[in-house]
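Please look over the following briefing with the sequence and the model side by side.

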Amino acid sequence: MIKPLLQFVLAACVLSTAAVTAERVSAQSAPLKLTLDQGVVEPLPVSVIDFFDGNGAQGQLGAQIAQVIEADLASTGLFRTVPDAAVAPLAPSFISPPRFSDVRAVSNAVALVTGETTQAGDGRMTLKFRLWDVVSQQQLAGFQYTADPGSWRRMAHRTADAIYERLTGEPGYFETRVVFVDEQGPKDKRVKRLAVMDYDGANVEYLTGGNSLVLTPRYSPRSQEITYITYRDGLPRVYLLDVETRRQEILGRFPGMTFAPRFSPEGTSVVMSLAKGGTTDIYLMDLASRQVRQLTRGSSINTAPSYSPDGSRIVFESDRGGSQQLYVMDGNGGNPKRISFGNGRYASPVWSPRGDLIAFTKITKGAFGIGIMSPDGSGERMLTNSFLDDSPTWAPNGRRLMFYRETSGENGRPALYTVDIRGGSEQRVQTPGPASDPAWGPLMR
C-alpha cells in the first residue's frame, strides 16, 4: 500500500523504511501554467517519454507507466499528449536535461516528462520523474516514490497528480478509487453487486456476492469506507463497509423504506431518508452513538440529501412545491429554500467538494441529463443529455463528474462516463460489464 511521507530536498537523501516515500528532485520555478477559470482551455501539448530502468534502458514497465500518465492527463481534456517517437531520442537519459531546442524543432510539446524506475535492495521499487518546461528549459517538478512493485499503477497515478497540480495549481484526482454497482443479467432481472476500481476502470474488485440487491453506495469523504443499502430477507438495511479490510457492519434496520444514505463531511455521521407512515423525511444518524435525529417534516417526499463541504447546509430533493425540485436547508434542517426553477424535474443533487457548485440530474420531456448550478440556484448549465443520465458524483478536486448512462429499449445497459464541468471531454469508463451508481472516493493517501 502506498503511503505518503515528507517531500525531500536532495535526491540522494536516505529513504525511509515506510511503505512509501516521496522525495523532491531539485526544481526551479517557471511560468508554464494552465488557468482553469477562463472557460475553454486550449489543451496543453505534453510528451511523456517511456521511463528508463536502472540500467538506462526503456522496457515494458517503463512504457506502461508512461501510458498510464498519458491517459490520466489526456482524460482531463486539459492536455494533449504528443507521440514520443521523435522526442524520445532527444531525452536519452533521466539524469541529463533533454535537448530542448531539438525537442521544439521536431514537436510542439511545451512540457516534457522523463522518468526512471530502480529496484531497491529490499525488493521495493523506486519511481522517479522530472517535469520540464521545454520553452524556458527549466525543470518544473521532480519527485520519487518508493513502494512494492505491484503498486506501479498507483505510483504512475501519483506522478500524474503531481504533474497536474504543478501545471494547473490545483490537486489532481488520479490516485482515487470509485465504488459502483456491477449489473448482470436481463434488464428485468438484474443481479447487482458492489464493486470498486481505480478511477480509470483498472483493478476491479468485487465487494459483495450478488445474493442480495445493493443500491446507492457512497464513499466517505475522508476514508476508504462506504455506506450502501442492501435488501436481505426483503428488508432494506444500511451497511458500512471498509473497502480495504472488507469489514462491514449494519448501520441500522429501519421500518419501511430507506433511501440514499450519505456521509457527513467529517465522516462521523450519515444522513439518509426514511419512509414512515406515508411520508419520506431526512434523518441524521451519529455513527458513534447510533442516535437518529429527524431533519425534515411534512407530508411531502424529501430525499437524496448531500452536505456542503463545511457541513453547514444540505441540498436535497423534494416535491413539497408540487413537483420534484431541489432545496437547500441548514445542516440542522432549518430554513429550507428552493433553488431549482428551470423547466422539468430535478433529482440526485450532490454538493461539489469545492463548495461552489451543485450537480444534479434533470428530467425534461422524458430525457435525463447531468447539470450543475450554484448553491443559490443561479448559473444552471447542462453538461449532458440522453435517454437516461443519472447519479452524478464529483472527483475530489471538484473539476470532473462521473455518472451512469443507460441506453433505451429492452436490451438497454448502463455504463459509466465522466465529463468536465466546463462541458465536453466526455469519456466512457471501461468496466467488466454494465455498471451504475458510481461514487468517487477521496485521494488514497
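Which residues lie nearest the centre of the largest cavity? The largest cavity is lined by 10 residues, and those nearest its centre are Leu78, Tyr164, Arg399, Asp420 and Arg422. This is a predicted model, in which local features need pLDDT of at least 70 and side-chain atom pairs count only at pLDDT 80 or more, while totals for chains, interfaces and linings use all residues. Residues are numbered from 1 along each chain as its sequence is written, and side-chain values use heavy atoms, with hydrogens and water left out.

**Cavity and pocket**

- A search of the whole structure finds one cavity of 30 Å³ or more, where a cavity is a set of points, on a 1 Å grid over the protein atoms alone, at which a 1.4 Å probe fits but cannot get out, and lining residues have an atom within 4 Å of a point.
- The largest cavity holds about 70 Å³ of space, a volume being the space filled by probe spheres set on the grid points, which are joined across faces, edges and corners.
- Its lining has five nonpolar, one polar and four charged residues (Ala, Val, Leu, Ile, Met, Phe, Trp, Tyr, Cys and Pro count as nonpolar, Asp, Glu, Lys and Arg as charged, and the others, Gly among them, as polar).
- The largest pocket (an open set of points with protein on both sides within 12 Å along at least five of seven lines) contains about 1,200 Å³ of space.
- Of the 50 residues that line this pocket, the closest to its centre are Arg218, Arg262, Pro349, Val350 and Pro392, and by class the lining has 31 nonpolar, 13 polar and six charged residues.
- The largest share of the pocket lining, six residues, comes from β14 (helices, H or I of at least four residues, and strands, E of at least two, are DSSP runs numbered from the N terminus).

**Helix α3**

- Helix α3 (residues 152-168) has 17 residues and reaches 24 Å from its first C-alpha to its last, close to the 24 Å expected at 1.5 Å a residue, the expected span being 1.5 Å times one less than the number of residues.
- In α3, 15 of the 17 residues are buried (under 20% relative accessible area, with a 1.4 Å probe and protein chains only), and the helix is followed by Gly169, whose phi is positive, near 80°.

- β22 and β23 pair in the antiparallel sense over five bridges (two strands pair if DSSP finds at least two bridges between them), and Trp351 has Ile358 in β23 as its bridge partner.
- These two strands form a hairpin with six residues between them, and Gly355 in the turn has a positive phi of about 85°.
- Seven bridges join β23 to the antiparallel strand β24 (residues 367-373), with Thr361 opposite Ile370, and Lys365 in the two-residue turn of this hairpin has a positive phi of about 55°.
- β23 is mostly covered, since six of its seven residues are buried.

**Leu357**

- Leu357 lies in the loop between β22 (345-351) and β23 (358-364), and this residue is buried, with a relative accessible area of 14%.
- Leaving aside neighbours within four places in sequence, Leu357 is in contact (heavy atoms within 4.5 Å) with residues including Trp351, Met373, Trp394 and Ile421.
- Leu357 and Met373 are 16 residues apart in sequence, yet their C-alpha atoms are 5.5 Å apart in space.

Definitions and conventions: Buried means under 20% relative accessible area, exposed over 50%, partly exposed in between (1.4 Å probe, protein chains only).
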